[in-house]
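Good morning, and thank you for making time for this presentation. I shall show the structure first and then take its parts in turn.

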Amino acid sequence: MTGELLVVPVRGIGEVGIEDDVAALVVSALGTNGQTLTDGDILVVSSKIVSKAEGRTAPATDRDEQITAESRRLVAARRTPGGLARIVEAAAGPVMAAAGVDNSNVAPGTVLLLPVDPDASARVLRSALHARTGANVAVIVTDTAGRAWRDGQIDFALGCAGLPPTEDLRGTDDTHGQRMEVTIRAVADELAAAADLVKGKLHGIPAALVRGFGAHVLAVGTHGPGAAVMLRPAATDWFRYGQVEAVRWSLGVDPAAVEPLAVPPSPVMDRLLRAVEVALAAPSPLTGVPAPVCVTNVDDEGLFVVPELPADPIALGALAQRLSAAAWSEDLTVTITLEPRGLRVLAR
């Protein structure tokens with residue numbers, strides 16, 4: 001179904017504090033602007049004011065610890081001039097930077113965490129709005145994230161109530177009569193992004209109303225599956241780890257146990273030594289053939305990985321392959337030769 005959409009900013013909500021009634025603040029702000037909620041409206045609200053009302057704040061000095069606590073799984077990490085940047089699967093569900101722990105639009109000295117259960121937060125807010133106004137509205141709780149293949153950030157549906165978050169078009173025919181086989185529209189994300197165009201992170205407008213999509217709003221008391229169903233399961237996630245982390249896992253090394261790559265890249269020798277560290281930390285891939293115990297020497301002739309004791313040539317070959325893979329993850333091309341002293345490794 002196509003038609004016109006109207007996206008209206010909700011001005012005047014003001015600063016939100018712990019245990020504030022977000023529904024009351026929204027209804028009051030709308031009234032101040034001569035607006036009311038009507039059946040079929042979709043309220044799109046920033047997760048920041050939901051988190052503030054739920055008391056999800058922490059001292060800024062604990063930000064790194066909070067990121068760790070709010071993370072289920074490390075996807076990728078890089079050392080940047082501003083510190084350690086981490087992409088993780090957040091406890092709230094999505095894969096995003098820093099587990100959603102944010103220090104923008106919060107009081108100095110504090111950081112804000114995502115709601116514990118964003119879908120539950122959306123359901124509570126939807127029910128409260130209905131109780132106050134009698135209007136049957138849907139609620140989308142949003143946050144901001146980057147995208148794997150695109151520059152820039154976009155608002156997406158972190159939580160959702162009263163609206164099917166996706167529209168499955170598989171099995172229908174396009175305008176040329178061709179059967180669509182993969183298209184599932186991310187409706188809640190599209191509405192979240194549209195609302196962000198009028199909310200704006202620099203203007204103190206944390207909510208917007210979307211009108212014209214009411215045919216998709218579910219009946220009162222029926223909240224729908226929530227935004228959690230939009231999370232891609234591991235079995236179909238082709239990009240579960242960053243390329244460096246994927247290589248390290250494939251070599252049997254926990255990426256969190258090794259220093260992350262630097263952005264911009266560190267010197268070649270630093271990267272090569274880290275690749276050697278990863279290769280030597282990996283267990284032997286061959287049953288009954290132990291990995292050689294080695295030391296690493298750097299001299300004017302290059303870098304040598306020297307077995308402490310004579311090593312099985314098969315184990316040395318496996319080590320050379322691990323070195324090559326680990327170096328690739330550091331964006332290096334290596335030449336490995338077997339010499340009397342051990343494996344000679346040159347990189348570029």
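**Backbone, cores, cavity and sheets**

Let me begin with glutamate 19, which lies in the loop between strand S1 (6-9) and H1. Please keep in mind throughout that this is a predicted model. The phi angle of glutamate 19 is near 70 degrees, a positive value in a residue other than glycine. Is glutamate 19 buried or exposed? Its relative accessibility is 72%, so glutamate 19 counts as exposed.

With a relative accessible area of 45%, asparagine 105 is partly exposed.

The loop between S1 and H1 also holds arginine 11. Arginine 11 has a relative accessible area of 47% and is therefore partly exposed, since that class lies between 20% and 50%. Which residues does arginine 11 contact, once neighbours within four places in sequence are set aside? They are Ala29, Asn33 and Ile205. As for distance, arginine 11 and glutamate 181 are 170 residues apart in sequence, and their C-alpha atoms are 42 Å apart in space.

One further backbone feature deserves mention. Valine 263 and proline 264 are joined by a cis peptide bond, with omega at about 0 degrees. Proline 264 sits in the loop between strand S13 (261-262) and helix H7 (268-281). Serine 266 is found in the loop between S13 and H7 as well. Serine 266 has a relative accessible area of 17%, and it counts as buried because the limit for that class is under 20%. Leaving out neighbours within four places in sequence, serine 266 is in contact with Arg271 and Arg274.

I turn now to the interior. In soluble globular proteins, nonpolar side chains tend to be buried together. Here the largest nonpolar core has 25 residues, and Val10, Leu43, Val45, Leu125, Leu129 and Val139 have the most contacts inside it. Which elements each supply at least two residues of this core? They are helix H1 (22-32), strand S2 (42-46), helix H2 (47-53), helix H4 (118-133), strand S8 (138-147) and strand S12 (207-211). H1 gives the most to this core, with five residues.

Not counting residues up to four places away in sequence, leucine 129 touches Ala23, Val26, Val27, Leu37, Leu43, Gly134, Val137 and Val139. Apart from this core lies another, of 23 residues, which includes Val247, Val258, Leu332 and Val345.

How many cavities of 30 Å³ or more does a search of the whole structure find? The search finds one. The space in this largest cavity is about 50 Å³. Its lining consists of Ser47, Lys48, Ser51, Gly100, Asp102, Leu112, Leu113, Leu114 and Asp143. H2 makes the greatest contribution to that lining, with three residues.

Finally, the strands. S6, S5, S4 and S13 form, in that order, an open sheet of four strands with mixed pairing. S6 and S13 stand at the edges, each with a single partner strand, so one side of each has no neighbour in the sheet. Within this sheet, strand S5 (residues 83-90) pairs with S6 in the antiparallel sense, over three bridges. In that pairing, isoleucine 87 stands opposite alanine 97 in S6.

Strand S17 (residues 342-347) brings us to another set of pairings. Strand S15 (residues 302-307) runs antiparallel to S17 and is joined to it by three bridges. Here phenylalanine 304 has arginine 344 in S17 as its bridge partner. Strand S16 (residues 334-339) is also antiparallel to S17, and six bridges join the two. Valine 334 has alanine 347 in S17 as its bridge partner. How many residues does the hairpin from S16 to S17 pass through? The hairpin joins these strands through two residues.

Thank you for your attention.

Definitions and conventions:
Residues are numbered from 1 along each chain as its sequence is written. This is a predicted model: local features need pLDDT of at least 70, side-chain atom pairs count only at pLDDT 80 or more; totals for chains, interfaces and linings use all residues. Side-chain values use heavy atoms; hydrogens and water are left out. A nonpolar core is a set of buried Ala, Val, Leu, Ile, Met, Phe, Trp, Tyr and Cys residues joined through side-chain atoms within 4.5 Å. Buried means under 20% relative accessible area, exposed over 50%, partly exposed in between (1.4 Å probe, protein chains only). Contact means heavy atoms within 4.5 Å. On a 1 Å grid over the protein atoms alone, a cavity is a set of points where a 1.4 Å probe fits but cannot get out, and a pocket is an open set with protein on both sides within 12 Å along at least five of seven lines; lining residues have an atom within 4 Å of a point. Grid points are joined across faces, edges and corners, and a volume is the space filled by probe spheres set on the points. Two strands pair if DSSP finds at least two bridges between them.
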